[in-house]
Amino acid sequence: MTIVTSNLNPTTLPIAHPIGADNPPPLSPNSEANNNKNANDMPTQHALQLVDFAVNWEQRLDNTQLDKLVHEGWIIIDEVFESKALLALQAESGFIDYRDAQLTDGIQVSDIRGDKIRWITKDFFAGFYYLNSINQLAAVLNRALFAGIRHSEAHYACYPVGFGYQWHSDNPVGRDERVISAVFYLNDDWSADDGGALELVDNQGRSHKIMPAANRLIIFNSNLMHQVQIAHRQRYSIATWMRRDGLVPFVGDNI
């Protein structure tokens with residue numbers, strides 16, 4: 001699998017301190033419980049390794065899951081990563097410098113989407129390991145479904161309170177470079193009252209509402225229509241795409 005690179009300037013990361021001490025804690029409203037965690041149990045970014053993000057994708061994607069992905073166009077995998085990897089992604093998503101998102105044609109339309117994003121590159125410790133794991137998932141999908149995926153891309157996304165993303169598919173009209181989309185969720189203790197659900201219409205025209213629970217990965221056909229409902233609490237996730245085209249260098253951080 002091709003590794004995504006970028007010409008973006010690296011973001012300065014406080015890598016010398018334990019995640020959860022000086023960096024933002026896990027994205028949970030139960031801050032008192034988070035503050036009581038032993039700092040010695042918190043991973044440092046220096047200590048993170050690719051193995052911490054290891055997932056046996058062939059085991060997680062059994063025949064039942066693969067059949068559902070083919071026939072309905074979407075599946076959910078819960079409890080994807082071990083706690084060390086999840087905590088690192090939660091913390092990293094909390095202190096990076098987000099940028100206003102734009103639509104594919106480069107025109108920002110805040111009435112359609114209200115998320116702020118930051119593309120994941122090799123300069124993001126946890127995010128880059130996440131993307132490598134997604135590339136391994138893509139390899140499994142290629143072997144099982146002949147998906148033709150050549151590389152993956154992803155960005156952190158932050159939805160402020162009161163914002164969502166209206167109905168859309170992940171491929172612009174007349175294009176099909178994105179084969180499989182995936183969203184990994186980062187907020188702990190999310191409830192229905194918090195809003196921000198992903199609503200998706202499957203291959204049979206049925207609508208589904210998926211709550212953005214931490215450590216959950218939803219995988220779906222990039223051509224399916226979907227929307228992010230209005231969030232009533234700041235919502236963090238990683239938007240991910242597995243693509244069939246060649247690697248295209250980033251030309252900026254607002255795409």
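These legends describe close-up views of a predicted model.

**View 1. The whole protein chain.** Five helices and 11 strands make up its secondary structure. The chain has 255 residues, and 53% of them are buried. Its accessible surface is about 11800 Å². Carbon and sulfur atoms account for 49% of that surface. Take the contacts between residues at least 6 apart in sequence: 80% of them join residues at least 24 apart.

**View 2. Asp 52 and Lys 84 form a salt bridge.** Side chains of opposite charge can pair when their charged atoms come close. Here the closest N and O atoms are 3.5 Å apart. Asp 52 sits in the loop between α1 and α2, and Lys 84 in helix α4, so the pair ties together parts 32 residues apart in sequence. Asp 52 counts as buried, at 16% relative accessibility. Lys 84 is partly exposed, at 29%.

**View 3. Arg 143 meets Glu 58 in a salt bridge.** The N to O distance is 2.9 Å. Arg 143 belongs to helix α5 and Glu 58 to helix α2. The two residues are 85 apart, so distant parts of the chain are linked.

**View 4. Glu 72 pairs with Arg 206.** The closest N and O atoms of this salt bridge lie 3.9 Å apart. Glu 72 is in the loop between α3 and β1; Arg 206 is in the loop between β7 and β8. The pair spans 134 residues. Glu 72 is partly exposed, at 22% relative accessibility. Arg 206 is also partly exposed, with a relative accessible area of 41%.

**View 5. A salt-bridge network links four residues.** They are Glu 153, Arg 178, Arg 243 and Asp 245. The model's salt bridges number 13.

Technical notes: Residues numbered from 1 in each chain as written. Predicted model: local features only at pLDDT ≥ 70, side-chain atom pairs only at ≥ 80, totals over all residues. Heavy atoms only, no water. Helix = DSSP H or I, 4+ residues; strand = E, 2+ residues; numbered from the N terminus. Buried < 20%, exposed > 50% of the residue type's maximum accessible area, 1.4 Å probe, protein only. Contact = heavy atoms within 4.5 Å. Areas by Shrake-Rupley, 256 points an atom, 1.4 Å probe, with all protein chains shown as cover. Salt bridge = Lys/Arg side-chain N within 4 Å of Asp/Glu carboxyl O.
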